[in-house]
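Open the model in your viewer and keep the sequence panel beside it. This tour goes stop by stop, with something to select at each one.

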Amino acid sequence: MPLANTLTLISGGTRGIGLATAKLFALNGSRIVILGRDQDRIKHVLDKELAPIASPSGHVGFQCDVSKSEDVEQAIKEVSKIAPVDYLVSSAGIARDSLLIAQSTHDMESLINTNLMGTIWINKAIAKGMIRRKRGAIINISSVVGIQGNIGQSIYSASKAALIGFSKSLSKELGSRGITVNVIAPGYIDTDMTSSIPEEKKKEIIAKTSLGRFGHPEDVAEAALFLAQAKFITGQVLVVDGGLI
Ligand SMILES: NC(=O)c1ccc[n+]([C@@H]2O[C@H](COP(=O)([O-])OP(=O)(O)OC[C@H]3O[C@@H](n4cnc5c(N)ncnc54)[C@H](OP(=O)(O)O)[C@@H]3O)[C@@H](O)[C@H]2O)c1
């Protein structure tokens, strides 16, 4: 088991890409801690999705709204009582599509506070422990939209582009301690987040990919597992989009 005796913290581990990553890391021997806002959903994932994947001490979940720094600090305090974090996958995120001129201030703030600040709070909170132990890998989930932009997603893409600059800088701050910080930029992945895209639009997107399909959450999970174990890769953006961009 390549990830035996490790702990992986996954924000947004209750659904989609985060959940697929939680399962894959657990199958590779890591103990999993998931964070999400919905307590019932956390319980469901722990009982039904992760419990069948054995871990000597069991997988754990905490309710945490990553957009609130105090929630993140409290959650990380609880996590630190369990074991040090070896791997962080920051996947919690939201989409609120709208043309800029029509987008509400509330939605703009939610996008920045969740996608960008949520990742920053959690990176900051776990970095201290990783620095002390001189080990760790951080994987932040951005988007191809943060690289090339998209109509109706100016604030979403701003949050995702900022994550790339943030992660590249952090990789330089933490590299001397043996900690890697990388970014995954997924293309269109079949999750709750993309479920409301109309079928016609989906066909258009698929036609632009080289591989002729939407991604599966597992496609992104595999990239995360690769980056978690890659010892000499840091400050990079791995695009996982089936050839879209
Ligand atoms: N799907 C795609 O095509 C795609 C493409 C590029 C990038 N991404 C990025 O990939 C990441 C995962 O997306 P997904 O497709 O897996 O979405 P998803 O299925 O909607 O899952 C989102 C996850 O984030 C959690 N979450 C949202 N806001 C949160 C908050 N404030 N605090 C804590 N947890 C929060 C959700 O849990 P609760 O709702 O229970 O809190 C859920 O577990 C996101 O950052 C997204 O921007 C997705």
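A crossover counts as right-handed if, with the strands pointing away from the viewer, the path from the first strand over the helix to the second runs clockwise. Keep that view in mind for two of the stops. Note too that this is a predicted model.

**Stop 1**

**Stop 1: strand 1**

Select residues 7-11, which are strand 1. Is this strand enclosed or open to the outside? 5 of its 5 residues are buried, so strand 1 is largely enclosed by the rest of the structure. Show the side chains. Leu7, Leu9 and Ser11 point one way, while Thr8 and Ile10 point the other way. All of these are buried.

Strand 1 pairs with strand 2 in the parallel sense over 5 bridges.

**Stop 2: helix 1 and Thr21**

Follow the chain out of strand 1. Strand 1, helix 1 and strand 2 make a right-handed β-α-β unit. Select Thr21, which has its place in helix 1. Thr21 has a relative accessibility of 1%. The cut-off for buried is under 20%, so Thr21 counts as buried. What does Thr21 touch, residues up to four places away in sequence not counted? The contacts are Ile10, Val89, Ala221 and Ala224.

**Stop 3: helix 1 against helix 2**

Select residues 16-27 for helix 1 and residues 39-50 for helix 2. They pack at an angle of about 40 degrees, with their axes 12 Å apart. The crossing is right-handed. From helix 1, Leu19, Ala22, Lys23 and Ala26 take part in the contact. They meet Arg41, Val45, Glu49 and Leu50 in helix 2. Colour the contact by class: 5 residues are nonpolar, none is polar and 3 are charged.

**Stop 4: Arg37**

Go to the loop between strand 2 (31-36) and helix 2, where Arg37 is found. Is Arg37 buried or exposed? At 52% relative accessibility, Arg37 counts as exposed. Leave aside neighbours within four places in sequence, and Arg37 is in contact with Arg15, Gln63, Cys64 and Asp65. Then try a distance. Arg37 and Phe62 are 25 residues apart along the chain, and their C-alpha atoms are separated by 8.4 Å.

**Stop 5: strand 5**

Select residues 136-141, which are strand 5. 6 of the 6 residues are buried, so strand 5 is largely enclosed by the rest of the structure. Both faces are covered. Gly136, Ile138 and Asn140 lie on one side, with Ala137, Ile139 and Ile141 on the other.

Strand 5 has parallel partners to show. 4 bridges join strand 4 (residues 87-90) to strand 5. Leu88 has Ile138 as its bridge partner in strand 5. 6 bridges join strand 5 to strand 6 (residues 179-186), again parallel. Gly136 stands opposite Ile179 in strand 6.

**Stop 7**

Most residues other than glycine have a negative phi. Two stops go against this.

Select Lys134, in the loop between helix 4 and strand 5. Its phi is near 55 degrees, a positive value in a residue other than glycine. Lys134 is exposed, with a relative accessible area of 55%.

Finish at Asn5, in the segment before strand 1. Asn5 is not a glycine either, yet has a positive phi of about 60 degrees. Asn5 is exposed, with a relative accessible area of 81%.

Note on methods: Residues are numbered from 1 along each chain as its sequence is written. This is a predicted model: local features need pLDDT of at least 70, side-chain atom pairs count only at pLDDT 80 or more; totals for chains, interfaces and linings use all residues. Side-chain values use heavy atoms; hydrogens and water are left out. Axes are lines fitted to C-alpha atoms, for helices over the stretch in contact, and angles run from 0 to 180 degrees between N-to-C directions. Helices (H or I, at least four residues) and strands (E, at least two) are DSSP runs, numbered from the N terminus. A crossing is left-handed if the near helix is turned anticlockwise from the far one by less than a right angle, and right-handed if clockwise. Contact means heavy atoms within 4.5 Å. Ala, Val, Leu, Ile, Met, Phe, Trp, Tyr, Cys and Pro count as nonpolar, Asp, Glu, Lys and Arg as charged, and the others, Gly among them, as polar. Buried means under 20% relative accessible area, exposed over 50%, partly exposed in between (1.4 Å probe, protein chains only). Two strands pair if DSSP finds at least two bridges between them.
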